[in-house]
Amino acid sequence: MHSELEMYLENGARELGIEVDEKNLKLFNIYYNLLVEENKKYNLTSIVDQKHAAIKHFVDSLTCMLVYNFEEKNVADVGSGAGFPGIPLKIMCPEMNIVLTDSVQKKVCFMDRVILELKLKKARVVQFRAEDMGRSGEYRESFDTVVSRAVAPLNVLLEYCIPLLKVGGSFLAMKGPAAGEEIKQSGAALKNTGAEIYELKTINLPVLGDLRNIIIIKKIGPTPGEYPRRAGIPSKKPL
Ligand SMILES: C[S@@+](CC[C@H](N)C(=O)[O-])C[C@H]1O[C@@H](n2cnc3c(N)ncnc32)[C@H](O)[C@@H]1O
């Protein structure tokens, strides 16, 4: 017998053309139970009922698979929080290498636990302010792909994420209905970080119908050394 979570996840993903097999349904179940348990200690997410967690967290994360092939890629999830979209993508694309990152220690500890319990290989969690990560020798211009959901307005997010990408890499910014407006505000941030908009993909979430946008951005040249600016500056004074 499938739980409500499994039912919404399996059917919701299928509506998008993504098949979640039995083995992966089990992994999502373990992840969900860890999320609910952790949420009793502090507010990790406001979405914990099975239907909404399945659609708004798991299926929503998987929408990135509609626009990008993650297998074998080096991926970073910036501001991953409780692991979205990175952990669902990792469950479904086991051959990718992923670095999940957040600035908050208890979120980093939670993601570490999820990776351990789900026995996910080629996945690691690091605690960083995105601005500091983008300046570190180890991570700057080292990823094929960066993903990020619900972290900052696009003009700020570009300064967080583009420095992490190799030239030619792709940034997938998961946004709500205001994506078009955010793009209009981001001309300077795109130009200064060496990026351009490649495509805007609009998706309706299965079951709930909520509108989502994935902005696909390409890095077309190296990011000048002055970006990202010091931690806190990009959000205070967006480009
Ligand atoms: C609203 S939560 C979204 C979490 C997750 N991406 C999701 O969609 O459920 C925003 C997350 O971004 C992290 N964050 C915000 N600014 C950041 C920064 N400058 N560097 C790293 N993480 C940041 C926060 O700690 C928080 O976990």
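This is a predicted model: local features need pLDDT of at least 70, side-chain atom pairs count only at pLDDT 80 or more; totals for chains, interfaces and linings use all residues.
**A130.** I placed A130 in helix α6, residues 130-133. I then listed its contacts, skipping residues up to four places away in sequence. A130 touches V78, G79, Y160 and C161.

**Ligand shell.** I turned to the ligand next. There are 16 residues around the ligand. G79, G81, S103, A130 and R149 come nearest. I sorted the shell by class and got 7 nonpolar, 4 polar and 5 charged residues.

**Record check.** I looked up "binding site" in UniProt, where the entry is unreviewed. The record lists G79, F84, A130, E131 and R149.

**F84.** I found F84 in the loop between β1 (74-78) and α4 (86-92). F84 is buried, since 25 other C-beta atoms lie within 10 Å. Leaving aside neighbours within four places in sequence, I noted contacts from F84 to H57, S61 and R149.

**A152.** Which loop holds A152? I traced A152 to the loop between β4 (143-149) and α7 (154-161). A152 has 20 other C-beta atoms within 10 Å, so A152 is buried; the label needs 20 or more. I set aside neighbours within four places in sequence and found A152 in contact with L157, Y160 and S235. I also checked the pair A152 and S235. They are 83 residues apart in sequence, yet 7.9 Å apart in space, C-alpha to C-alpha.

Note on methods:
Residues are numbered from 1 along each chain as its sequence is written. A residue is near a molecule or strand if its C-beta atom, placed from the backbone, lies within 6 Å of it. Ala, Val, Leu, Ile, Met, Phe, Trp, Tyr, Cys and Pro count as nonpolar, Asp, Glu, Lys and Arg as charged, and the others, Gly among them, as polar. UniProt positions are given in the numbering used here, feature names are shortened, and annotations may be inferred rather than shown by experiment. Helices (H or I, at least four residues) and strands (E, at least two) are DSSP runs, numbered from the N terminus. A residue is buried if 20 or more other C-beta atoms lie within 10 Å of its own, exposed if 12 or fewer, and partly exposed in between; C-beta atoms are placed from the backbone. Two residues are in contact if their C-beta atoms, placed from the backbone, lie within 7 Å.
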